[in-house]
2 protein chains.
Amino acid sequence: MGSNLIHGNAVIGQAGGPTTVINQSLVGVIEGLRAEGAGTPGGTIKKIYGMRFGVEGLVKDELFDLSKLPYEFMRQLAVTPSAALGSTRVKPDEPCCERILASCKKHNIRYFFYIGGNDTAETCRIVNELARDTGYDMRCFHVPKTVDNDLAVGDHTPGFPSAARFVAKACMADFLDNAALPGIKINVIMGRHAGYLTAATALARRWHLGTTRIDGPQLIYVPEIPFVADRFVQDVAKVFDETGRCHIAVSEGIEDGEGTPIAARLMQQMGTDQHGNVQLSGTGLLADELSRLLKEKLAPVGGKPPRVRADTFGYLQRCFPDPAPVDSREARAVGRKAAELATMGQTDGSIAIVRRSPIADGALYSSELIRVELAEVARKARRMPMAFLDGHNNVSQQFLYYCRPLIGDIQRFERLQWSRRKQLETGEIWHDEGQPESPDALD
Amino acid sequence: MGSNLIHGNAVIGQAGGPTTVINQSLVGVIEGLRAEGAGTPGGTIKKIYGMRFGVEGLVKDELFDLSKLPYEFMRQLAVTPSAALGSTRVKPDEPCCERILASCKKHNIRYFFYIGGNDTAETCRIVNELARDTGYDMRCFHVPKTVDNDLAVGDHTPGFPSAARFVAKACMADFLDNAALPGIKINVIMGRHAGYLTAATALARRWHLGTTRIDGPQLIYVPEIPFVADRFVQDVAKVFDETGRCHIAVSEGIEDGEGTPIAARLMQQMGTDQHGNVQLSGTGLLADELSRLLKEKLAPVGGKPPRVRADTFGYLQRCFPDPAPVDSREARAVGRKAAELATMGQTDGSIAIVRRSPIADGALYSSELIRVELAEVARKARRMPMAFLDGHNNVSQQFLYYCRPLIGDIQRFERLQWSRRKQLETGEIWHDEGQPESPDALD
């Protein structure tokens, strides 16, 4: 056991929207603490507690005792989607953080780990300052997670790769579905302010095609670029006229030129959560309104509006049990790293994933974890850099190089393409990796 | 080569909503025909054609020549979701079927295979009668598929098990997501008239719990039982009051007492497809309206409406690339069987899957394929038998025994349950397979 350990207990909490791998981070923290003897009879760290529903449970003394979880149970818990401890949307202010600290003192908690996004990091930051100001010796760590990938530091955030994997697989299959009964298909993707997840739908296109838009989604709209309804209609009309169909990915968070979410404008009765955020997920409103817009504005086909369908991928994006292997590994590692730093004497911080491999075609992915200051993450949010975008409705090749290694292998599919029926007929049909296919591909 | 073969060509088409395994059936038919030498220099069956967009392509002479597809290409095509040939919603009447037959004569087609639901079977039936009446020797087979599982004969239909697998996995994860940030969650599931797919969400519950409703979905609404809004609100209020949350599966096709779809009543501007069907998929309207109803009618929580979220699972149910192994196998086999029967001299028919194993706990699943008359399938639809339902908002144990073997293995997850914190604390937490858990389980 390290000489830097403080006698006392540890607590772990989860906050914000859950992800498919957030329990990997929970188990990672526990593993890291146990490596220092936590929970064992002679351990300096006596108990490992879990907050039930984040700090809500902590201040109500609702704590799980996780010190003796069997390893096999933890192994299965780690692969379970969603926040096993329960989560919270409460965004603590200073008085609330004082109650949190009082609860820590009451339970002799000397190690505080909170897994979440930038609001969660802010809670850590305030609690950490209060502890220091009152001379209470406590180590305070934020462990990152968010499917939005919008934390200010690091290459990406645990939770994002798995969500990106889901939307890429889903769009790949949905594009084929749309090709079989052609028309216009809109898929609304999570992402309140950052378009990373919506951008990841571009990985549904065949690898070798890069940023070309023969495969769907042919049009991608992210919050980083103001959404102009007329331009949207024109974009769709162009693709629809050329190919007889159109596959579109739209971020739930698309905004008008003033930064107001389009969805918010559409809502007569706005649901807001305790962060004062407009409800963007858990409703099909944006998708349905974009459908209506296209049916109204596009030229009729055979006297009728064109076939337009819209799906909102919803909560499955953050919980579908098919995590990206890189994500499972890194989510576990960030938890372990936070515990290691805390037990090695670091007083506070957050963990960031730094990519060590180049963002380039075929580069073998590698990353490492570093400690960053809480203030670098707390409340800060990032959006996609312009270098990841290509025009107002597409992503760049650089984004594809960035995102591809994160989502893991995805099965490739075959297609019967009308434009290549000659090759089918002769049996000489095969992938031509270098050549984009004709846009009139049946697919 | 069999002596029952007719000299000429074969054609295969796909129709209706695609599924994850409909290309297995396409490849199955090709395999079955090739086994009789089709497409080889000395073959009695010269060419194997594929209709582009079903009979729409056939009457326009848009035919793929599939005779020489390389085996490895076919192997990958078989695992590709959606209809590789393209599909159609055209519901042919007799004049249309006359054009279809004329096209068959023009291309000397003597083997006609059409993969789809009951409308597709009806097309086969009419074309078959027209051929017989005009003395044109053609073998005409329907190959079943539908995620709705509503064909009149057989144990189940190819396409259903994979869709059932998706909704079960999705609901299992989504229930955990909902448990972490409690509230009310509605998931709208495909199924125009039959509730099988919505019922399959019950497989998201832990196996050993059977029909108990501690795990989600706690409430299941299918089209077979009239949907009464007030009763729905009462049901939800009861579960929400007892457990602080509620997880609900609703079929897109739920109907009022007069048989009118609730979604249709809600739609001001109805989209209809060429079958005259109301658009139920590709919109979030029903989900959003049910949300609104609950927010309005349920007692406020802390002065505000309770948290209600709704997702419409949409087209991913029929295309997400994670087929049930039984489904992949059977979908391939029904295609092969149709080709075998046709080449062995049968003139017409459809294929049905008959279960040979008992519908009982732990029974090892086995099935076989039989030929049925086209008229037994054509235009007929079935709904769930009452024995598969339990009250107005749940499924029966018998349904679970029926559906479980079809969807394949699903990973089990672990949970930290507040009601079992004593066992967690002592490290004696483990599955108690026989005992339903307490309903206040963290989650």
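Start by selecting helix 12 (residues 325-343) of chain B, which lies across strands 2 (45-51), 4 (109-116), 5 (139-144), 10 and 11 of that chain, contact meaning heavy atoms within 4.5 Å. Helix 12 of chain B runs at about 170° to strand 5 of chain B; axes are lines fitted to C-alpha atoms, for helices over the stretch in contact, and angles run from 0 to 180 degrees between N-to-C directions. Helices (H or I, at least four residues) and strands (E, at least two) are DSSP runs, numbered from the N terminus.

This is a predicted model, where local features need pLDDT of at least 70, side-chain atom pairs count only at pLDDT 80 or more, and totals for chains, interfaces and linings use all residues. Residues are numbered from 1 along each chain as its sequence is written, chains are lettered from A and ligands numbered from 1 in the order in which they are written, and side-chain values use heavy atoms, leaving out hydrogens and water.

Next, colour the open sheet of chain B: its seven strands have the order 3-2-1-4-5-10-11, with mixed pairing (two strands pair if DSSP finds at least two bridges between them). At its edges sit strand 3 (63-65) and strand 11 (367-372) of chain B. Now pick Val354(B), whose bridge partner in strand 11 of chain B is Glu368(B).

Finally, show both chains. The contact takes 85 residues from chain A and 86 residues from chain B. Look for Asp177(B) and Arg318(A): they form a salt bridge, with the closest N and O atoms 2.7 Å apart (the rule asks for a side-chain nitrogen of Lys or Arg within 4 Å of a carboxyl oxygen of Asp or Glu).
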